[in-house]
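Trainee: Could you show me how to read a protein model, one feature at a time? I would like to follow along with a real case.
Mentor: Gladly. Let's open one and look.

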Amino acid sequence: MLEKFIPMFIIALMLSLFACTAQNSTEPNNNSSLLIYPPPSNGQTGENGYPISAPSEEARATAQAWYESLPKPTRKPISTRRTGVINSREEVERLPPRGIEIGDLWQGYINEQFVKVYVGRELPNYMAELNPEERHFGLVHVIWYGDSVVIQRVKTRYETGLLHIEEVAGNRLVLISDGFEDREPEKLYFDIEAAQFVSSLDEIVLPVLTPQATSYP
């Protein structure tokens, strides 16, 4: 008995759904009141054939006034690199190189290449050594900026203490040391292009082609 009733129930349900669908298709669209008609045309039509609306003069004036009231972006001046001995500690300690206690910083251009020269004292590798020994060798850390960054580190042969820049003579630096233990403060000369200490401002040395760590003398 139940097996005969199930097919009849399914057929009745399908007929009921079909009748509801037909009735909905014949009813008017209640959302017709929400249709948005295009504004007045200026006589031109778009690609789809609908007229292109023309804003009124009042609308144009309102839009222009609103645009002019917006804050205009200001172009920041292009920052130029400072050259010479930098005395500002904030500037000196900005992104400092590792392994050096900085005494002074000189930056400038040599052969149209920007160079930074940090002078100071060599620091031990605190992360690699368990009980690092404090050393007081003077250190010059040179950074050349170009297509690639080249770094040169040149330390003194003996412990001089912290180095400072006393004078700049062309591409050479006149340095003064703090001294260490029984060694008195002394004057040293460093040639930036040759990446080495020299005995005087007049000593003739050749610039290095391949940066390498050297010691003085």
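Trainee: Let me start with a single residue. Where is the place of R121?
Mentor: First, keep in mind that this is a predicted model. R121 has its place in strand β5.

Trainee: Is R121 buried or exposed?
Mentor: The general idea is that buried means under 20% relative accessible area. R121 has 10%, so R121 is buried.

Trainee: What would be a case of an exposed residue?
Mentor: Exposed means over 50%. W66, which lies in helix α2 (residues 57-69), has a relative accessible area of 54%, so W66 counts as exposed. Together with Y67 and L70, W66 makes a nonpolar surface patch of about 350 Å².

Trainee: How many helices and strands are there in the protein?
Mentor: There are 3 helices and 12 strands. The chain has 217 residues, and 27% of them count as buried.

Trainee: How do I read the pairing of strands? Which way do β6 and β7 run?
Mentor: Look for the bridges between two strands and for their direction. β6 (residues 137-145) and β7 (residues 149-159) run antiparallel and are joined by 8 bridges. A hairpin of 3 residues links β6 to β7.

Trainee: Which strands pair with β9?
Mentor: β8 pairs with β9 in the antiparallel sense over 6 bridges, and L163 stands opposite S177 in β9. These two strands form a hairpin with 2 residues between them, and G170 in the turn has a positive phi of about 65 degrees. β9 is also joined to β10 by 5 bridges, again antiparallel, with L175 opposite L188 in β10. As for cover, 5 of the 6 residues of β9 are buried.

Trainee: What about positive phi in residues that are not glycine? Where is E112 found?
Mentor: E112 is found in the loop between β4 (100-110) and β5 (113-122). Its phi is about 65 degrees, positive although E112 is not a glycine. E112 is exposed, at 79% relative accessible area. Now try E181: its phi is near 55 degrees, also a positive value in a residue other than glycine. E181 is found in the loop between β9 (172-177) and β10 (187-191), and its relative accessibility of 69% makes it exposed.

Trainee: How do I read a nonpolar core? Which residues have the most contacts inside the largest one?
Mentor: Think of buried nonpolar residues joined through their side chains. The largest core here has 18 residues, and V117, V140, L175 and I192 have the most contacts inside it. The elements giving two or more residues to this core are β4, β5, β6, β7, β8 (163-169), β9 and β10. A second, separate core has 7 residues, including I86, I100, L105 and L139.

Trainee: Which residues does I192 touch?
Mentor: Not counting residues up to four places away in sequence, I192 touches W106, I110, V115, V117, V142, W144, Q152, N171 and L173.

Key:
Residues are numbered from 1 along each chain as its sequence is written. This is a predicted model: local features need pLDDT of at least 70, side-chain atom pairs count only at pLDDT 80 or more; totals for chains, interfaces and linings use all residues. Side-chain values use heavy atoms; hydrogens and water are left out. Helices (H or I, at least four residues) and strands (E, at least two) are DSSP runs, numbered from the N terminus. Buried means under 20% relative accessible area, exposed over 50%, partly exposed in between (1.4 Å probe, protein chains only). Patches are made of residues with over 30% relative accessible area and no salt bridge: like charges are joined within 9 Å, nonpolar side chains (Val, Leu, Ile, Met, Phe, Trp, Tyr) within 5 Å. Accessible areas come from the Shrake-Rupley method with a 1.4 Å probe; for residues, only the protein chains shown count as cover. A salt bridge is a side-chain nitrogen of Lys or Arg within 4 Å of a carboxyl oxygen of Asp or Glu. Two strands pair if DSSP finds at least two bridges between them. A nonpolar core is a set of buried Ala, Val, Leu, Ile, Met, Phe, Trp, Tyr and Cys residues joined through side-chain atoms within 4.5 Å. Contact means heavy atoms within 4.5 Å.
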